[in-house]
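Take a moment to turn the model around on your screen before reading on. Then let us walk through it together, one region at a time.

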Amino acid sequence: MTKLLITGASGLLGANLVLESAQSHEVTALYLKHPVRLGGIETAALDLNDYEEVLEFFSDVSPDWVIHCAAETNVDRCEQDHDHAHRINHFMARSVSRAAFSAGAELLHISTDAVFDGESEANHENQTPQPINVYGESKLEGERAVSEEHPGALIVRTNFYGWNAQDKSSLAEFFLQNLENGESCRGFIDVKVKTLLVNDLCKILLKMIESDLAGIFHVVAGNCMSKYEFGVTLAREFGLAGDLIEAVAVDEIGLSAKRPKNLCLSTTKLEQVLQIGLPTIEEGLRRLKTLREMGYPDRLKSMIGGD
Ligand SMILES: NC(=O)c1ccc[n+]([C@@H]2O[C@H](COP(=O)([O-])OP(=O)(O)OC[C@H]3O[C@@H](n4cnc5c(N)ncnc54)[C@H](OP(=O)(O)O)[C@@H]3O)[C@@H](O)[C@H]2O)c1
């Protein structure tokens, strides 16, 4: 059984990855402030900024793969605190990748579509990224640190939504909560993404690990929509009133960080290498609904509790 060590296991991607991989892999899950508990897997609290402790932990566990999901994902917080953004998204990625390399583990590092400026149409892996905010900058520096410290690392640039274990909202949960309460909300008409259901992302990541891939890959959905269109599509799939969503331009809102406008990344490389097609956003949203009907969000939330 492949041994996985998942950082950021209390986060949106990490928690879903723990649930999606626990049956088929030997999993160790790391968190910082939100304890993760799940029968059959090892969990621990570890501040990944402390290189010596990280190295000791990785060497003890001796995983086949480290999957580095931990990050600072609050784009506006990154803009307001440049040092914090770089400490978590850049220097911590360096420590984790150096420790994984020293412990003899393969590394899957999670990055973002926001390393691009959102001006280009194609956004292939071999294009030079030009981030326009501190979050994107710190994540790009993180990618570069990973490549230096662990030359064979697999780096995945992605964008996703889904059910959270913690009490916070992904893009889909934001629209659902508002629409189910009959409240109006706003969706950006000029920010386009190929956002992928996190459960589909997890399955693809596990396949990439199985296939021993290395280098940079874009892993996003099969089609592209504005965040406003995503909200309206979600409303249709869940039988809710999409007209409660107001279409607004992102620059009207007065956010701290600038947002890239077109993040519809090319996935040709992944599709050719793995010989797969990527799920559409509509397919992802249908599965999001099915997961709720199956009680999946409650299972996920029950993983995060006190000590
Ligand atoms: N969410 C998106 O739409 C999106 C889009 C593109 C790319 N990404 C990338 O995908 C990855 C996962 O994102 P996510 O949304 O799942 O993250 P998230 O929900 O914000 O969770 C962040 C995780 O990082 C952990 N963490 C933060 N600082 C830490 C530290 N010093 N030491 C150890 N752990 C620490 C947190 O632990 P505690 O909560 O326990 O403190 C939490 O588990 C990130 O690399 C992100 O940049 C996300």
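First, some housekeeping. This is a predicted model, in which local features need pLDDT of at least 70, side-chain atom pairs count only at pLDDT 80 or more, and totals for chains, interfaces and linings use all residues. Residues are numbered from 1 along each chain as its sequence is written.

Let us begin with helix α1, residues 12-21. Helices here are DSSP runs of H or I with at least four residues, strands are runs of E with at least two, and both are numbered from the N terminus. In α1, 8 of the 10 residues are buried, so the helix is largely enclosed by the rest of the structure. A residue is called buried if 20 or more other C-beta atoms lie within 10 Å of its own, exposed if 12 or fewer, and partly exposed in between, with C-beta atoms placed from the backbone. The buried residues of α1 include Leu-12, Gly-14, Asn-16 and Ser-21.

Now find the ligand. It is surrounded by 25 residues, and the closest are Gly-8, Gly-11, Leu-32, Lys-33 and Ala-71. The shell has 12 nonpolar, 10 polar and 3 charged residues. Here Ala, Val, Leu, Ile, Met, Phe, Trp, Tyr, Cys and Pro count as nonpolar, Asp, Glu, Lys and Arg as charged, and the others, Gly among them, as polar.

How do α4 and α5 (residues 134-149) pack? Their axes are 8 Å apart, at an angle of about 20°. Axes are lines fitted to C-alpha atoms, for helices over the stretch in contact, and angles run from 0 to 180 degrees between N-to-C directions. The two helices α4 and α5 are therefore roughly parallel to each other. Angles under 35 degrees count as roughly parallel, over 145 as roughly antiparallel, 65 to 115 as roughly perpendicular and the rest as oblique. Among the residues making the contact are Ala-85, Asn-89 and Ala-93 of α4 and Ser-138, Gly-142 and Ala-145 of α5. Two residues are in contact if their C-beta atoms, placed from the backbone, lie within 7 Å.

Compare that with α6 (171-180) and helix α8, residues 227-238. The axes of α6 and α8 come within 10 Å and cross at roughly 60°, and the helices are therefore oblique to each other. Their contact includes Phe-175 and Leu-179 of α6 and Phe-230 and Leu-234 of α8. By class, this contact of α6 with α8 has 9 nonpolar, 1 polar and 1 charged residues.

Finally, visit the loops. Gln-166 sits between β7 (160-161) and α6 and is partly exposed, with 15 other C-beta atoms within 10 Å. Leaving aside neighbours within four places in sequence, Gln-166 is in contact with Ser-10, His-34 and Ile-304.

Ser-62, in the loop between α2 (51-61) and β4 (65-68), has a phi near 50°, a positive value in a residue other than glycine. Gln-275, in the loop between α9 (268-274) and α10 (281-293), has a positive phi too, near 55°. Gln-275 counts as exposed, with 7 C-beta neighbours inside 10 Å.

Technical notes. Near = placed C-beta within 6 Å.
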